[in-house]
Amino acid sequence: MVKPSESNALRQLPLTLLVSQIIDVATDHANLLGIGFLNLEPEGKGWVLSRLAVEMSRWPSTGEHYTLSTWVEDWNPHFSERCFSVVSESGETLGYVRSVWMIIDLNSHRGLGTASLNLDEECIRGKGFCPITRNAKNRPFQPEETRDYTFKFTDLDYYCHVNTVRYISILQNQFSLDFYRTHRLSRFEIAFFHEAKYGETVTIDSHAEAVTVNNSESGEDTTWEAEKIIFRLSTAENQILDSALIFAHS
């Protein structure tokens, strides 16, 4: 249930809380499969989120019950693809999520691949159950707005790098309350390229464009006009991430 203490100013489930729950559910499911934190941490390894796409036709309201379900869609020597569905108590599908996960060495923070783990074929559901598209590749853009942000203690997670949820909070706070009252967030994408750590300052570049969006969930050939805001976070040395938020007009 969406608790009042957890709701955002629109009296809805916040994207940040949904993503936090996505990470928790993925962790619990991986542990049940014998490939999770409980198995990897003693070996100095851990799962990290590499890409995420969230597409919602409607956000659960305060007091509303919903179910978050997950399954492994694909598994290869480099990464795992995991999907989620968000379903209301009445059985209405509210949205879907796609995610890509990688294993890193907890000391060097370098990618290790999944070859050291065994996952039974019966645990891989396969394609066709998650109708939303994977992350789009954002083209280079000339920023319309540029801001700086320095990461602090509360931005960090268990691995001592910047938390996914904190990135999302920083990006969502680039918009005003009035903007959210007239625009509904329908899709969110984020792709990580390099980790950020405590004390680093990033430049937040943004660019807005009008887009035509296909209705991924209905199975029908329907489209609607939307506003896409692309973000790029970079330090002086590295590009940290690309992100895109797609808004429909309320």
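# Pairs, bridges and burial

Student: What makes S2 and strand S3 (residues 80-88) a pair?

Tutor: In this predicted model, 9 bridges connect S2 and S3, in the antiparallel sense. Pairing asks for at least two bridges, so S2 and S3 count as a pair.

Student: Why is S6 called mostly covered?

Tutor: Of the 10 residues in S6, 9 are buried. S6 also has strand partners: 5 bridges join S1 to S6 in an antiparallel run, and 9 bridges pair S6 with S9, again antiparallel. Both counts meet the requirement of at least two, so both count as pairings. Ala53 has Glu189 of S6 as its bridge partner, while Leu185 stands opposite Phe247 in S9.

Student: What makes the contact between Glu189 and Arg187 a salt bridge?

Tutor: Their side chains meet at 2.7 Å, N to O. The cut-off is 4 Å between a side-chain nitrogen of Lys or Arg and a carboxyl oxygen of Asp or Glu, so the 2.7 Å value qualifies. Glu189 and Arg187 are both buried.

Student: What makes Glu195 partly exposed, and what does Glu195 meet?

Tutor: Glu195 has 21% relative accessible area, and buried would require under 20%, so Glu195 falls in the partly exposed class. The side chain of Glu195 meets that of Lys197 at 3.6 Å, N to O, in a salt bridge. Lys197, at 40%, is partly exposed as well. Elsewhere, salt bridges with shared partners join Glu73, Glu81, Arg98 and Arg134 into one network. The structure holds 15 salt bridges.

Student: How many aromatic pairs does the structure hold, and why is the one formed by Phe151 and Tyr167 given its class?

Tutor: The structure holds 13 aromatic pairs. In the one formed by Phe151 and Tyr167, the centres are 5.8 Å apart and the planes make 85 degrees. The limit for a pair is 6.5 Å, and planes over 60 degrees apart count as edge-to-face, so this pair is edge-to-face. The pair links distant parts of the chain, with Phe151 in the loop between S5 and H3 and Tyr167 in helix H3, 16 residues apart. Phe151 at 1% and Tyr167 at 3% are both under 20%, and therefore buried.

Student: What about the class of the pair formed by Phe179 and Tyr180?

Tutor: The centres of Phe179 and Tyr180 lie 6.1 Å apart, with 85 degrees between the planes. These values pass the 6.5 Å and 60 degree cut-offs, so the pair is edge-to-face. Phe179 at 16% and Tyr180 at 14% count as buried.

Student: Why is Ser7 called buried?

Tutor: Ser7 has 18% relative accessibility, which is under 20%, so Ser7 counts as buried. Ser7 is placed in the segment before helix H1 (15-32). Leaving out residues up to four places away in sequence, Ser7 touches Val2, Gln12, Pro14 and Thr62.

Student: How far is the backbone oxygen of Lys3 from the side chain of Ser7?

Tutor: A polar atom of the Ser7 side chain lies 2.9 Å from that oxygen. The cut-off for a polar contact is 3.5 Å, so this one counts.

How values were computed. Residues are numbered from 1 along each chain as its sequence is written. This is a predicted model: local features need pLDDT of at least 70, side-chain atom pairs count only at pLDDT 80 or more; totals for chains, interfaces and linings use all residues. Side-chain values use heavy atoms; hydrogens and water are left out. Helices (H or I, at least four residues) and strands (E, at least two) are DSSP runs, numbered from the N terminus. Buried means under 20% relative accessible area, exposed over 50%, partly exposed in between (1.4 Å probe, protein chains only). A polar contact is a pair of N or O atoms within 3.5 Å; within protein, one must be able to donate a hydrogen and the other to accept it, and residues adjacent in sequence count only if both atoms are side-chain atoms. Contact means heavy atoms within 4.5 Å. Rings of Phe, Tyr and Trp (its six-membered ring) pair if their centres lie within 6.5 Å; planes under 30 degrees apart count as stacked, over 60 as edge-to-face and the rest as tilted.
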